[in-house]
Amino acid sequence: RGTISATVISPDPARADGWSTALFVLGADKGIPIIEKEKSIQTMMMTSGMEIRYSSGMPHNTHFTQRR
């Protein structure tokens with residue numbers, strides 16, 4: 001499954017941007033376990049199958065909004 005979106009929350013915007021790109025390339029299965037080791041970073045990712053995956057610190061009421 002491919003990744004169609006990787007959203008990262010971090011106190012440092014440049015770090016969030018870098019991690020977002022890395023996670024997009026790695027995909028959720030490989031990327032989220034790495035993020036779990038980073039205490040100040042959280043992620044929410046969407047797969048090509050429209051599955052939303054969260055790191056453990058990301059609030060699960062966070063969601064994507066699709067424009068029509």
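I note at the outset that the model is predicted.

*Entry on Met-50.* I looked up where Met-50 sits: in the loop between strand S2 (42-47) and strand S3 (52-54). I then checked its backbone and recorded a positive phi of about 65°, although Met-50 is not a glycine. I set beside this the general rule that most residues other than glycine have a negative phi.

*Entry on the helices.* I turned to helix H1 (residues 13-26) and helix H2 (residues 28-35), which pack at an angle of about 140° with their axes 7 Å apart. That angle makes H1 oblique to H2, because only angles over 145 degrees count as roughly antiparallel. I recorded the crossing of H1 past H2 as right-handed. Which residues make the contact? From H1 I listed Trp-19, Leu-23 and Leu-26, and from H2 Ala-28, Lys-30, Gly-31, Ile-32, Ile-34 and Ile-35. Sorted by class, the contact of H1 with H2 holds seven nonpolar residues, one polar and one charged.

*Entry on the salt bridges.* How many salt bridges does the structure hold? I counted two.

I looked up Arg-15 and Glu-38, whose side chains meet in a salt bridge at 2.5 Å, N to O. Arg-15 belongs to helix H1 and Glu-38 to the loop between H2 and S2, so the pair ties together parts that are 23 residues apart in sequence. I found Arg-15 partly exposed at 32% relative accessibility, and Glu-38 likewise partly exposed at 25%.

I next took Asp-29 and Arg-53, which form a salt bridge with their closest N and O atoms 2.8 Å apart. This pair links distant parts of the chain, with Asp-29 in helix H2 and Arg-53 in strand S3, 24 residues apart. Is Asp-29 buried or exposed? I recorded Asp-29 as exposed, at 61% relative accessibility, whereas Arg-53 is partly exposed, with a relative accessible area of 24%.

How values were computed: Residues are numbered from 1 along each chain as its sequence is written. This is a predicted model: local features need pLDDT of at least 70, side-chain atom pairs count only at pLDDT 80 or more; totals for chains, interfaces and linings use all residues. Side-chain values use heavy atoms; hydrogens and water are left out. Helices (H or I, at least four residues) and strands (E, at least two) are DSSP runs, numbered from the N terminus. Axes are lines fitted to C-alpha atoms, for helices over the stretch in contact, and angles run from 0 to 180 degrees between N-to-C directions. Angles under 35 degrees count as roughly parallel, over 145 as roughly antiparallel, 65 to 115 as roughly perpendicular and the rest as oblique. A crossing is left-handed if the near helix is turned anticlockwise from the far one by less than a right angle, and right-handed if clockwise. Contact means heavy atoms within 4.5 Å. Ala, Val, Leu, Ile, Met, Phe, Trp, Tyr, Cys and Pro count as nonpolar, Asp, Glu, Lys and Arg as charged, and the others, Gly among them, as polar. A salt bridge is a side-chain nitrogen of Lys or Arg within 4 Å of a carboxyl oxygen of Asp or Glu. Buried means under 20% relative accessible area, exposed over 50%, partly exposed in between (1.4 Å probe, protein chains only).
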